[in-house]
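Visitor: I have a model open and would like to go through it. Can we start with the ligand and then look at the helices?
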Amino acid sequence: VDLSVTWLGRAMPGCLYNASGVWCREEDELAALRASAAAALITKSATLAPRDGNPEPRYHPTPLGSINSMGLPNRGFDYYLDFARRYGDGGGKPLFLSLSGLTLDDNCAMLRRLAEAGLPALPEINLSCPNVPGKPQLGYDFGATAEALDAFDAAYPGLYGVKLPPYFDPAHFAAMAEILNRHRRLAFVTCINSIGNGLVVDVDSEAVVIKPKDGLGGLGGDYVLPTALANVREFCRLLPGKDVVGCGGVKSGREAFMHILAGARAVQVGTCLHQEGPGAFARIAAELAALMRAKGYRRLDDFRGRLRTL
Ligand SMILES: O=C(O)c1[nH]c(=O)[nH]c(=O)c1Cl
């Protein structure tokens, strides 16, 4: 079976890669991803200047997934741009740079610098970080999102994507789609980021499990799979001509299959990668291939977007 993906004028040897933020903050982590069965790489969301992020504990695994309030710890844009310069074409594995400026000007400055560098790396602009105290998620402010995308178009001449927060209402899917469809070079959306501001409680300690925001953090893993699939399927329907990358709750070939059935062009792995490490990509790919073989599918196009309704 063939798990390869061709999109954005690039070819990927498979369909799985990391979710931004997981195993991608440091150069050695990115090198491990590149050496793994991941079919692409994306860097930790960059701010213009380096950041330490929120106080620890700020990540906590649970039986059903994870909660995090990292607070955008990253090495700063120059570090990831330098990595991208030395990455070249990555031996056939596309590189994406996640950008999460604290202001619109910062995002535009990073986009301009990326454009000037003239590298194959593509930006995935993060509209959905839920964990910077005092900073609301851009993706939940439709006016601000519309303004930001106009500025991104002016700052960056190439193809770009955005990382969206989960939406939970058809009116919101429609409102976002109306805005996103105004932008021809906005070539892909990644659905979803963590479900923001959940609260995990430890019965024994009678306490929360992470320090920032009195325990509030973004949820990942099993908690988010149905929401992720809904966002993938709705935006595939509402954004003709754009690609949707599925992210959320992928821990085996089965969830990867679900995301592609819902329409995903490619699939990102977050919480499961954090817990298992880069070996997860070979395992999930093998499971997906076995599932495809059992169903008589030879390539992803044989079933992508074919989710049946009743
Ligand atoms: O706290 C974080 O660094 C973080 N955590 C998330 O779950 N999603 C994001 O986009 C970011 Cl930027």
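Visitor: How far does a polar side-chain atom of Ser194 lie from an oxygen atom of the ligand?
Guide: The distance is 2.8 Å. A polar contact here is a pair of N or O atoms within 3.5 Å; within protein, one must be able to donate a hydrogen and the other to accept it, and residues adjacent in sequence count only if both atoms are side-chain atoms.
Visitor: What should I know about the model and the numbering?
Guide: This is a predicted model, in which local features need pLDDT of at least 70, side-chain atom pairs count only at pLDDT 80 or more, and totals for chains, interfaces and linings use all residues. Residues are numbered from 1 along each chain as its sequence is written, and side-chain values use heavy atoms, with hydrogens and water left out.
Visitor: Back to the ligand. Which atom of Leu72 lies 2.8 Å from an oxygen atom of the ligand, backbone or side-chain?
Guide: A backbone N or O atom of Leu72. With Asn131 a polar side-chain atom is involved, 2.9 Å from an oxygen atom of the ligand.
Visitor: Which residues surround the ligand?
Guide: Lys44, Asn68, Met70, Gly71, Leu72, Pro73, Asn126, Cys129, Pro130, Asn131, Asn193 and Ser194.
Visitor: On to the helices. How do α3 and α4 cross?
Guide: Helix α3 covers residues 104-117 and helix α4 residues 142-155; their axes come within 9 Å and cross at roughly 25°. Helices are DSSP runs of H or I with at least four residues, strands are runs of E with at least two, and both are numbered from the N terminus. Axes are lines fitted to C-alpha atoms, for helices over the stretch in contact, and angles run from 0 to 180 degrees between N-to-C directions.
Visitor: What does that make α3 and α4 to each other?
Guide: They are therefore roughly parallel. Angles under 35 degrees count as roughly parallel, over 145 as roughly antiparallel, 65 to 115 as roughly perpendicular and the rest as oblique.
Visitor: Which residues meet there, between α3 and α4?
Guide: From α3, Leu104, Asn107, Cys108, Leu111, Arg112 and Ala115; from α4, Glu147, Ala148, Ala151, Phe152 and Ala155. Contact means heavy atoms within 4.5 Å.
Visitor: And α4 with α5, at what angle do they cross?
Guide: Roughly 20°, with the axes of α4 and α5 (residues 170-180) coming within 10 Å. That makes α4 roughly parallel to α5.
Visitor: Which residues of α4 meet α5?
Guide: Phe142, Thr145, Ala146 and Leu149 of α4 meet His172, Ala175, Met176, Ile179 and Leu180 of α5.
Visitor: What about α7 and α9, what is the angle there?
Guide: About 65°, with the axes of α7 (residues 253-261) and α9 (residues 279-295) 7 Å apart. That makes α7 roughly perpendicular to α9.
Visitor: Which residues do α7 and α9 bring together?
Guide: Gly253, Arg254, Ala256, Phe257 and Ile260 in α7 meet Ile284, Glu287, Leu288, Leu291 and Lys295 in α9.
Visitor: Now the backbone. Is the peptide bond from Glu56 to Pro57 cis or trans?
Guide: Cis, with omega near 0°. Pro57 is placed in the loop between β4 (41-42) and β5 (59-62).
Visitor: And from Cys191 to Ile192, what is omega near?
Guide: Omega is near 5°, and that bond is cis as well. Ile192 sits in the loop between β10 (186-191) and β11 (195-199).
Visitor: Last one: is the phi of Asn197 positive or negative?
Guide: Positive, at about 60°, although Asn197 is not a glycine. Asn197 belongs to strand β11.

Note on methods: Near = heavy atom within 4 Å.
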